[in-house]
Structures are given as C-alpha cells and as structure tokens.
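Welcome to this set of exercises! Look through the sequence and the 3D view, try each task yourself, and then follow the worked solution.

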There are 2 protein chains.
Amino acid sequence: MNALKVIMSRRSIRQYKKKKVSKEKINQILKAAMYAPSAMNYQPWHFIILNKREDIDHLFKINPHAEMILKAPLAIIVCGDLKTEMNIDYLVQDCSAATQNALLAIHELGLGGVWVSSYPNKDTVEGIKKYYEIPENIVPVSIISLGYPAEEVKTEDRFNESRIHLNKW
Amino acid sequence: MNALKVIMSRRSIRQYKKKKVSKEKINQILKAAMYAPSAMNYQPWHFIILNKREDIDHLFKINPHAEMILKAPLAIIVCGDLKTEMNIDYLVQDCSAATQNALLAIHELGLGGVWVSSYPNKDTVEGIKKYYEIPENIVPVSIISLGYPAEEVKTEDRFNESRIHLNKW
C-alpha cells in the first residue's frame, strides 16, 4: 500500500487470530522500527520479543489496561538505553518514533497491533524491568500487542482544521 | 511507494530547493500527523505552519542547532495541549508519533524533512512560546524543517540484531 494510505487506515487492533507471526515478518517490523529517526542518530532502542504465552500474559499482571495482550500471539517491548541517549525525554521521543514505524509496518504486513503504555507509569516500568530481567540503564517506553487481526475497526475522519495555525498561534 | 519502502528510505533532509510546497501537500502532511495513535485517543496535537521567511528564520535564533531552517521554505511546529492530555510524558509520545507520521508523508510526497528538537530544552520551548504567541497550556514538542530536497542522503543499513532480545533481556 501507498504509505499515506497505510498511515490513514491504521487503527488500534485488540482482537487477534491464533495464527503465529513468522520470524521474517517480525524482523521486518523490527527493521522498520530501527529505521526511525533519533536525536543525534543515536538509535538508543532495544526490543524484547515475547512469544511465550506466560511471558506475554505477565504484561497484564503489570499493566491492568493491557487486557488485549491475553489474546495476542506476540508482544514487543520497546526500550531505550540511557547509556546511549542520556536525556530521558529524547529517548522517549526516539522510542515513540520507532514504535510508530513498527505499528505502520504491522499494518502494511496484514497484521494488526496496538500501542500499550509503559513509561512513565512507575509500577509498569519497574514491573517490566524486574520480570524481564532488564538492566538498570534500560527504560521500557512502550509495548506493542500484535497478531493477525480478528476485528475490523472503521476509520474515522481525524482531520481537524481547528488544530492548524499559521505563522503565529 | 509501499509503506515499508517509505519507512526504510526516509532520511533526514537538510538542504532544500526554493520551490514552494502547495497547500494541498501541507494538508496531506498534517492529515497524516493527525492519524497517529495517541493515549486514550485524546489527539492532543496542534500544528503551527510557518511559511513567512522571518517567522521560519526566527527558529534558528531560538535553537542554534536549527541552521537547516534558514534554507527551508516551510516549517511546522508540532505542539501538544496539556488541557487535552495532562500527562506531559504521554503528550510527548503522542506528538512524537504524529511527527513521525508527518515525516513519512513528507517523504512519500517527494519532499524532504528533518526532525528538529524542541522539548525538553527550556530555552527553546519558552522562546517558541513567546515569539509564536502560544498559550500557557501548549507545549512545542518538535519542529519539522521541510521542502523539496536539494540533497540525496544515502540509506545506511540500520538493522541491528544485537538490539533484539527474546522473552527475557
């Protein structure tokens, strides 16, 4: 699909088929994430792929908003390394751009996914770090729940002219 | 172009032709930004389009890293509204996803752009708020410098297997 069409038809998908996602597709998603821009091109991201039921489901124990994860055959924790990017706010922006690239790649590949929050919720961040054995300098910024879509979510018109300002606010 | 190709061939473009960007293309870029996901679907973003030389150039006075802006026919300040999203860290993630969508749309449309930092640099944020007459509750998160590309930047291989972890770190 044309990139504009992918951007505008992407929706958050929370229901998934049981079908597994191939390693090739996972690598394409992670590659897309790694092609995001980053401050000073530091590329501070790391990705934890979860494909074991128990490890995926544990995210719901840590983040009670992550119920969709219980049906997902796959999840990705997008992390940033504070040794590579020492400024937490740039690190969050870099990892957010990487997350968005991954979500677009997921949609382009015929899969569906949703951005689940992690940072800055302290319980979620610390819970993830402990269970998934993440080093001190690594911040889990976001979680992606994904799989083959088992629901269709209609596209709504989001263009909002009142949000556009010219030269001054 | 296929979305994966757009994601992987996008590079930061800092040199621009003098040719103006049409209003139609600007609206497509902003529409793409507005189709980003956001926490709770709050869509807290606002966009200030700068097309007047003086107003574009002023960004360089505020952010000395923004030299590329002096040659850009257009700039966009991506802002977030703290009345719509009260958590600054979610606001930054939402605006980062919107910025990335805009950069991909820019590339798809045959234009070139680069993500210029604003938040959390206090001088940049306060300088922008003052000059562009931005209300107190609005945070300028990022700046996009853009135009028709006058340089070609080679794609580097960014896929890095050492950044991938399975089930535990």
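**Exercise 1.** Does Met40(A) count as buried, partly exposed or exposed, and why?

*Solution.* Keep in mind throughout that this is a predicted model.

Step 1: Find the residue. Met40(A) sits in the loop between α2 and β1 of chain A.

Step 2: Recall the cut-offs. A residue is buried if 20 or more other C-beta atoms lie within 10 Å of its own, and exposed if there are 12 or fewer.

Step 3: Apply them. Met40(A) has 13 C-beta neighbours inside 10 Å, so this residue counts as partly exposed.

Step 4: Check the backbone too. Met40(A) is not a glycine, yet its phi is positive, near 60°.

**Exercise 2.** Now turn to chain B: which class, buried or exposed, does Asn41(B) belong to?

*Solution.* Step 1: Asn41(B) is located in the loop between α2 and β1 of chain B.

Step 1: There are 10 other C-beta atoms within 10 Å, so Asn41(B) is exposed.

Step 2: The backbone deserves a look here as well. Phi of Asn41(B) is positive, about 55°, although the residue is not a glycine.

**Exercise 3.** Describe the overall make-up of chain A.

*Solution.* Step 1: List the elements. Chain A contains five helices and five strands. Along the sequence they follow the pattern α-α-β-α-β-α-β-α-β-β.

Step 1: Judge the overall form. A compact globule of 169 residues would have a radius of gyration near 15 Å, and chain A agrees with this because its value is 16 Å. Its C-alpha atoms fill a box of roughly 45 × 40 × 30 Å along the principal axes.

Step 2: Look at burial and contacts. Of the 169 residues in chain A, 52% are buried. Among contacts in chain A with a separation of 6 or more, 76% join residues 24 or more positions apart.

**Exercise 4.** In what order do the strands of the five-stranded open sheet stand?

*Solution.* Step 1: Read across the sheet. The order is β3(A)-β4(A)-β2(A)-β1(A)-β5(B), with mixed pairing.

Step 1: Find the edges. These are β3 (112–117) of chain A and β5 of chain B, each pairing on one side only. From one strand to the next, the twist averages 25°.

Step 2: Examine one pairing. Strands β2 (residues 74–81) and β4 (residues 138–147) of chain A run antiparallel and are joined by eight bridges.

Step 3: Helix α2 (residues 23–34) of chain A lies across β1 (45–50) of chain A together with β5 of chain B, and runs at about 160° to β1(A).

**Exercise 5.** How many residues of β4 (residues 138–147) of chain B are buried, and which strands pair with β4(B)?

*Solution.* Step 1: Count the buried residues. Ten of the ten residues in β4(B) are buried.

Step 1: Take the pairing with β2 (residues 74–81) of chain B. It is antiparallel, over eight bridges. Here Ile76(B) stands opposite Ile144(B).

Step 2: Take the pairing with β3(B). Six bridges join β3(B) to β4(B), again in the antiparallel sense. Gly113(B) has Leu146(B) as its bridge partner.

**Exercise 6.** Explore how chains A and B meet.

*Solution.* Step 1: Count the residues. On the chain B side, 57 residues are in contact with 57 residues of chain A. Helix α4(B) gives the most to the side of chain B that touches chain A, with twelve residues.

Step 1: Sort them by class. This side of chain B has 34 nonpolar, 14 polar and nine charged residues.

Step 2: Look for strands that link the chains. Strand β5 (residues 164–166) of chain A runs parallel to β1(B), joined by three bridges. Ile164(A) stands opposite Phe47(B) there.

**Exercise 7.** Which residues have the most contacts inside the largest nonpolar core?

*Solution.* Step 1: The core has 120 residues, and those with the most contacts inside it are Ala75(A) and Ala75(B).

Step 1: List some partners. Beyond its neighbours within four places in sequence, Ala75(A) is in contact with residues including Leu50(A), Ile56(A), Leu59(A) and Ile143(A).

Step 2: Connect this to a wider rule. In soluble globular proteins, nonpolar side chains tend to be buried together.

Conventions: Residues are numbered from 1 along each chain as its sequence is written. Chains are lettered from A and ligands numbered from 1 in the order in which they are written. This is a predicted model: local features need pLDDT of at least 70, side-chain atom pairs count only at pLDDT 80 or more; totals for chains, interfaces and linings use all residues. Two residues are in contact if their C-beta atoms, placed from the backbone, lie within 7 Å. Helices (H or I, at least four residues) and strands (E, at least two) are DSSP runs, numbered from the N terminus. Ala, Val, Leu, Ile, Met, Phe, Trp, Tyr, Cys and Pro count as nonpolar, Asp, Glu, Lys and Arg as charged, and the others, Gly among them, as polar. Two strands pair if DSSP finds at least two bridges between them. The radius of gyration is taken over C-alpha atoms; the globule rule is 2.2 Å times the number of residues to the power 0.38. Axes are lines fitted to C-alpha atoms, for helices over the stretch in contact, and angles run from 0 to 180 degrees between N-to-C directions. A nonpolar core is a set of buried Ala, Val, Leu, Ile, Met, Phe, Trp, Tyr and Cys residues joined through C-beta atoms within 7 Å.
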